[in-house]
Amino acid sequence: MNIPFNKPSLTGNEFEYIQDTISIGQISGDGKYTKKCSSLLGVELGVKKALLTTSCTHALEMAAILLDIQPGDEVIVPSFTFVSTVNAFVLRGAKPVFIDIRPDTLNMDENQLEGLITEKTMAIIPVHYAGVGCEMGIIMNIANKYDIPVIEDNAHGLFGKYKDRYLGTFGTFATQSFHETKNFSCGEGGALLINDKNYIERAEIIREKGTNRSRFSRGEIDKYSWVDIGSSYLPSDILAAVLYAQLEKRELIQAKRKKIWKHYNEKLDAWVNENDIRLPIIPEYCDQPYHMFYLLMPTLEKRNLFIQHLKKNGIMAVFHYLPLHLSEMGKNFGGKIGNCPVTENISDRLVRLPFYNDLDIETLDFNCFYDF
Ligand SMILES: Cc1ncc(COP(=O)(O)O)c(C=O)c1O
């Protein structure tokens with residue numbers, strides 16, 4: 001077997017749309033396919049505005065600028081996440097306050113949230129791990145009680161739902177990733193979802209190098225100029241063409257991924273029970289987007305041996321986030337062993353199995369799992 005962890009796949013119209021955008025003559029940002037992606041996301045999810053960005057990292061950076069995060073402000077973030085969830089705010093001078101995760105969904109432990117809020121808390125950033133929704137009812141109640149904006153890092157969770165409502169529609173902002181490992185991808189890409197219309201105009205300006213060029217492009221003003229801080233956060237229309245080809249086939253992609261996830265779940269069910277291994281836990285009120293399939297091994301040692309064992313059999317499995325509070329940067333912010341015990345434990349034991357749209361799961365020989 002030779003099964004990589006991830007592999008890019010084509011869904012159908014990618015090359016046709018790339019050719020189309022080139023023949024139209026606008027391959028810079030905000031061309032035909034960027035508009036199509038934004039409008040599809042906006043309408044499908046029901047958000048006030050969806051702006052395509054060059055990455056989820058950049059969408060998070062835009063959110064931090066939009067909230068005017070200042071040096072000394074605090075943001076509450078899980079330690080069990082990708083660097084960018086935190087770094088985007090640290091770039092503005094914020095201090096991360098790390099919150100531990102729940103042992104079941106591996107999402108922010110909402111029961112610890114209120115205890116971490118101070119007068120300096122300027123944002124709460126839940127991460128929907130593997131696209132399984134955080135406890136948004138409780139999180140939003142606490143955030144509203146203290147009037148603190150929520151930014152959902154929904155890098156994994158496009159089209160996932162919490163209690164019948166799309167992830168990405170709860171917070172003031174949400175951020176999406178279209179990096180190559182995601183369900184829908186253009187290599188590198190992202191989106192900022194905006195649920196409060198008061199932020200739309202400034203978001204367009206920040207995304208366009210601090211200029212009001214978006215208004216100029218719509219014919220609302222006759223020249224554009226520098227009006228705020230900003231950067232270049234808009235992707236080429238070539239990338240948007242690739243992304244649109246995938247987004248328009250979202251039902252097909254999600255169906256393929258559902259099949260893979262269910263197959264893993266069924267084939268591994270008996271084996272995990274006999275070996276003190278845990279499968280993902282999905283609360284019945286969460287519709288997951290089938291982004292990831294992971295196992296929780298009994299120990300760090302077993303996890304590492306298991307990754308080696310699969311590798312010998314041609315299957316590339318990988319671990320995931322290292323606790324951010326124990327990273328070099330995290331320690332500079334006072335992070336210490338024992339601050340987030342569930343994160344520390346889960347991070348050692350988690351292994352992600354190969355997962356991509358064209359994975360032919362029925363040809364995967366599960367005997368090498370059962371042999372371990
Ligand atoms: C939770 C989370 N947030 C943000 C990112 C960053 O995404 P991007 O690579 O699009 O910047 C990732 C990366 O996979 C992630 O897992």
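**Entry 1. Terms and model**

I count a residue as exposed when its relative accessible area is over 50%, as buried when that area is under 20%, and as partly exposed in between. The model I am reading is predicted.

E362 has a relative accessible area of 54%, so I file E362 as exposed. I then looked up K259, which stands at 47% relative accessibility and therefore counts as partly exposed.

**Entry 2. The salt bridge of E362 and K259**

I looked up these two residues because their side chains meet in a salt bridge, and 54% for E362 is over the cut-off for exposed. The N to O distance in this salt bridge is 3.7 Å. How many residues apart are E362 and K259? They are 103 residues apart, and the pair links distant parts of the chain. I found E362 in the loop between strand 12 (350–352) and helix 14 (367–370), and K259 in helix 10 (residues 250–274).

I also noted a network: K49, E204, R215, R218 and E220 are joined into one by salt bridges that share partners.

**Entry 3. Other salt bridges**

I searched the whole structure and wrote down 15 salt bridges. Two of them I looked up residue by residue.

R218 has a relative accessible area of 44%, so I list R218 as partly exposed. E220, at 42% relative accessibility, is partly exposed too.

The side chains of R102 and D104 form another salt bridge, again 2.7 Å from N to O. Is R102 buried or exposed? R102 is at 18% relative accessibility, which means that R102 counts as buried. D104 is at 23%, so D104 goes down as partly exposed.

**Entry 4. Around the ligand**

I listed the residues around the ligand and got 15. Which of them come nearest? T57, D153, S177, K182 and Y321 do. Sorted by class, the shell holds 5 nonpolar, 8 polar and 2 charged residues.

Next I looked up distances to ligand atoms. An N or O atom in the side chain of D153 is 2.7 Å from a nitrogen atom of the ligand. S177 has a polar side-chain atom that lies 2.7 Å from an oxygen atom of the ligand. At C56 the atom concerned belongs to the backbone: an N or O atom there lies 2.9 Å from an oxygen atom of the ligand.

How much of the ligand does the protein cover? On its own the ligand has 400 Å² of accessible area, and the protein covers 93% of that.

**Entry 5. The largest nonpolar core**

I counted 32 residues in the largest nonpolar core. Among its members, V75, F89, I151, F173 and L192 touch the most others. I then checked which elements supply at least two residues each, and noted helix 3 (56–66), strand 2 (74–78), helix 4 (83–90), strand 9 (190–194) and helix 7 (200–207). Which helix gives the largest share of this core? Helix 3 does, with 8 residues.

**Entry 6. N183**

I found N183 in the loop between strand 8 (173–177) and strand 9. Its relative accessible area is 5%, so N183 is buried. I followed the side chain of N183 and saw that it reaches the backbone oxygen of P289 at 2.8 Å.

**Entry 7. Positive phi**

Before looking, I reminded myself that most residues other than glycine have a negative phi. I noted two residues with a positive one.

D164 is not a glycine, yet its phi is positive, about 70°. D164 sits in the loop between strand 6 (161–162) and strand 7 (165–166). With a relative accessible area of 68%, D164 is exposed.

D276 is not a glycine either, and its phi is about 55° and positive. I located D276 in the loop between helix 10 and strand 10 (286–287). D276 stands at 59% relative accessibility, so I count D276 as exposed.

**Entry 8. K312 and P126**

Last, I looked up K312, which lies in helix 11 (residues 300–312). K312 has a relative accessible area of 74% and is therefore exposed. How far is the C-alpha atom of K312 from that of P126? The two C-alpha atoms are separated by 37 Å, and the residues are 186 apart along the chain.

Terms used
Residues numbered from 1 in each chain as written. Predicted model: local features only at pLDDT ≥ 70, side-chain atom pairs only at ≥ 80, totals over all residues. Heavy atoms only, no water. Near = heavy atom within 4 Å. Polar contact = N/O pair within 3.5 Å; in protein donor to acceptor, adjacent residues only side chain to side chain. Areas by Shrake-Rupley, 256 points an atom, 1.4 Å probe, with all protein chains shown as cover. Nonpolar A, V, L, I, M, F, W, Y, C, P; charged D, E, K, R; others polar. Salt bridge = Lys/Arg side-chain N within 4 Å of Asp/Glu carboxyl O. Buried < 20%, exposed > 50% of the residue type's maximum accessible area, 1.4 Å probe, protein only. Helix = DSSP H or I, 4+ residues; strand = E, 2+ residues; numbered from the N terminus. Core = buried A, V, L, I, M, F, W, Y, C linked by side-chain atoms within 4.5 Å.
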